Amino acid sequence: PQSQLQAPPDNVVLLPRAQFTAAFGALGAARPDLVRTQIHVARSQHLAPDPTVAFTQVTAAANNFEAATSGGALVGDNLAAALDAARSDALYSQVLFLFLGLPGAGLAAALTAAIAGAGATRRRREQSLLRSRGSSRSQLLRLAAIEAGVIGLVGGVVGLGLAALVGYLVFGSASFGATTSARLTWTLGALFGGVAVSAATVLLPARRELRDATAVSGRAVVGRARSPRWARYGLDLLLLAGSLLVFWATSRSSYSLVLAPEGVPTISVSYWAFLGPALLWAGAGLLAWRLADLFLSRGRGLLQGALRPVAGNLSGTVAASMGRQRRLLARSIVLVTLAVSFAASTATFNATYQQQAEVDARLTNGANVTVTESPGGTVGPAGARQLRSIRGVSAVEPLQHRFAYVGADLQDLYGVRPATIAAATSLQDAYFQGGTADQLLRTLARSPDAVLVSAETVKDFQLHPGDLLNLRLQDSRTKQLVSVPFHYVGVVNEFPTAPKDSFFVANASYISAQTGSNAVGSFLVDTAAADTGAVARRVRAQVGTTATVSDIATTRAVVGSSLTAVDLAGLTRVELTFALVLVAAAGGLVLALGLAERRRTFAIAAALGASRRQLRGFVVGESALVTAAGLGCGAVAGWGLSQMLVKVLTGVFDPPPAHLAVPWTYLGTVGVIAVAAMALAASLAGRVSRQPPIEMLREL
């Protein structure tokens, strides 16, 4: 890098050192400026684990050496070049961890708070009873502190043990590969977070009750509960509006999440882009609370009609009871909504990432199997007939590869047969601008001199559709560069086997006519459902050493294991499993705790003569409402989050996806687990409701 001659590609002759000295020793003595010596050095690999820090170290060392030689040496740093690419991907991996992991941590905290706060009514009654029997405020506060501490510490220790087990099973290391200091920081941070959540949900409410309430008022809440302040001020709508505003700002064409200016040793992340998904997630949860509260308070007639098949004549009472308990039900719906949306968005993003990794491998290789002819070869399109006869080959497409000058800039030129190119490889609309893939290929077929140009070239040369573009190509007969007229008709961003930077795509027949050669650069071989590795071996046996054969399986492994690849496999397994656990806990455990807290209602209804079927209406009604509302709101929020995540993290994808990949199997599993968890919770609550009412009242 940066020490080599610029394009066009140089012809190279390798000689033994003695022969080189004999041939060029005299020239080197007379004109030392014409002979250069390269010294290849293997650098020590003891570098910082962070690619950004390592890049700075390596670059500084190279600069120091150049300064020490007073400019007599030019350093070409391969290691720095690799680290330069890896450092931006390392930041993207951190961004992915935050985008995909932080909502899970937040949801776990909310779920913990909901579970710990499920016994708030019981604690208030017990606290009131103890105060009436002479307990002081300091004694009650110490009891609450002990309860919060036990919950936080025991839960934190168990959680850290599970984390170590997950790390060992998924990543082969209980420490997740972290350094000692980082491991200690994360361990203490997680433990402190658990204790903080426990204190916020157990200790602080107890302290507030002791300060503001009396022993008598602690037994019951009298009066009509007002809507929370956030609902009165429309915080949910403000959050959603803010999310759309941030998303609009971060999805513009000039936006880049990871900023890596060329030649600058430091790169940064535009962390404010986190606001879009975060605000949408929080706003969706609060909006679900508002809708649930509105339906339970204003839609009692509809709810009563829906409950009649399971509650019978008691449907009005059940609907009224659900209306009075709407805060608890709304909380359960919000948690299910957040859990389902988290699972759906995470799974969709991961599936889309895997889809684009496959697209990247196909773009790099060109097709299932690609036969690349030797430079300077003269094999024409007729060579496809021999390849088509090989067992397992379903289609073969010749692809020309030339070099063309636009001004003083040398770029790759690909000649295609527009009518048949899509038979051997996949072309997505996202690869092109100014039209779909099919539209632009039809334009190439109608206009032989049409050419597709990269966006960078269009910008640099200020091209407009229909502009004349004279390219200089080598004539195969005279070996001289000739000017060939083309007309610019569209933009191509990606193309099979093409490089990442600028290139052209034109009509192969027109290029052949203008240069006097129909030589093919590579053959794209489609194997349909056949084993690509086996087909590649047969093709190698057919072509021998005259061409290079590559298959997509090998390319996929190279692309997926390269230094600059962000591997989401381990994170995906942890995140998706964690999401399933959260969905089950949010749906089943919270609902079960809420129903258990309402045993007094079941006991009174049973004492007044309610049948088992009618009591079952209480349980089934609440379970069905939480299930339907939570899954519905979660699906809508998950779709919106998926769209926003993929758009905000466009830089992670190469190339950007044309559409989302929806993992229907996993999403179906999420739905089944949610329904099963809530059905189990309802079943357990139903058993409690079947106890004799006198026994339940005595226990309460």
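1. Basis of the model. This is a predicted model, in which local features need pLDDT of at least 70 and side-chain atom pairs count only at pLDDT 80 or more, while totals for chains, interfaces and linings use all residues. Residues are numbered from 1 along each chain as its sequence is written, and side-chain values use heavy atoms, with hydrogens and water left out.

2. Overall make-up. The protein contains 23 helices and 12 strands, where helices (H or I, at least four residues) and strands (E, at least two) are DSSP runs numbered from the N terminus. Of its 700 residues, 42% count as buried; buried means under 20% relative accessible area, exposed means over 50%, and partly exposed lies in between, with a 1.4 Å probe and protein chains only. Among contacts (heavy atoms within 4.5 Å) between residues at least 6 apart in sequence, 78% join residues at least 24 apart.

3. The 14 residues of helix 1 (residues 17-30) should span 20 Å at 1.5 Å a residue, and the end C-alpha atoms are 19 Å apart, which agrees; the expected span is 1.5 Å times one less than the number of residues. Alanine 48 lies in the loop between helix 1 and helix 2 (51-68), and counts as partly exposed because its relative accessibility is 22%. Apart from neighbours within four places in sequence, alanine 48 is in contact with Val53, Ala54 and Gln57.

4. Helix 5. The 35 residues of helix 5 (residues 137-171) reach 49 Å from the first C-alpha to the last, close to the 51 Å expected at 1.5 Å a residue. Buried residues in helix 5 include Leu140, Ala144, Ala148, Gly152, Gly156 and Gly167. As background, an α-helix has 3.6 residues a turn, so residues three or four places apart point the same way. Helix 5 is followed by glycine 172, which has a positive phi near 75°.

5. Helix 9 against helix 12. Helix 9 (residues 275-298) and helix 12 (residues 326-365) pack at an angle of about 145° with their axes 8 Å apart; axes are lines fitted to C-alpha atoms, for helices over the stretch in contact, and angles run from 0 to 180 degrees between N-to-C directions. Residues making the contact include Trp281, Gly285 and Trp289 of helix 9 and Arg326, Leu329 and Phe342 of helix 12.

6. Threonine 317. This residue lies in helix 11 (residues 315-324) and is partly exposed, with a relative accessible area of 41%. Threonine 317 and glutamine 304 are 13 residues apart in sequence and 8.5 Å apart in space, C-alpha to C-alpha.

7. The partners of strand 9. Two strands pair if DSSP finds at least two bridges between them. Strand 9 (residues 481-492) pairs with strand 6 (residues 432-433) in the antiparallel sense over two bridges, and there phenylalanine 432 has valine 492 as its bridge partner. Strand 7 (residues 450-453) runs parallel to strand 9 and is joined to it by four bridges, with valine 451 partnered by tyrosine 488.

8. Strand 8 has a covered face made of Leu469, Leu471 and Leu473, and an uncovered one made of Leu468, Asn470, Arg472 and Gln474.

9. Positive phi values. Most residues other than glycine have a negative phi. In the hairpin of strand 8 and strand 9, with six residues between the strands, lysine 479 takes a positive phi near 60°. Glutamine 462, in the loop between helix 15 (455-460) and strand 8, has a positive phi of about 50° although it is not a glycine, and is exposed, with a relative accessible area of 64%. Threonine 497, in the loop between strand 9 and strand 10 (503-507), has a positive phi of about 70° and is partly exposed at 24%.
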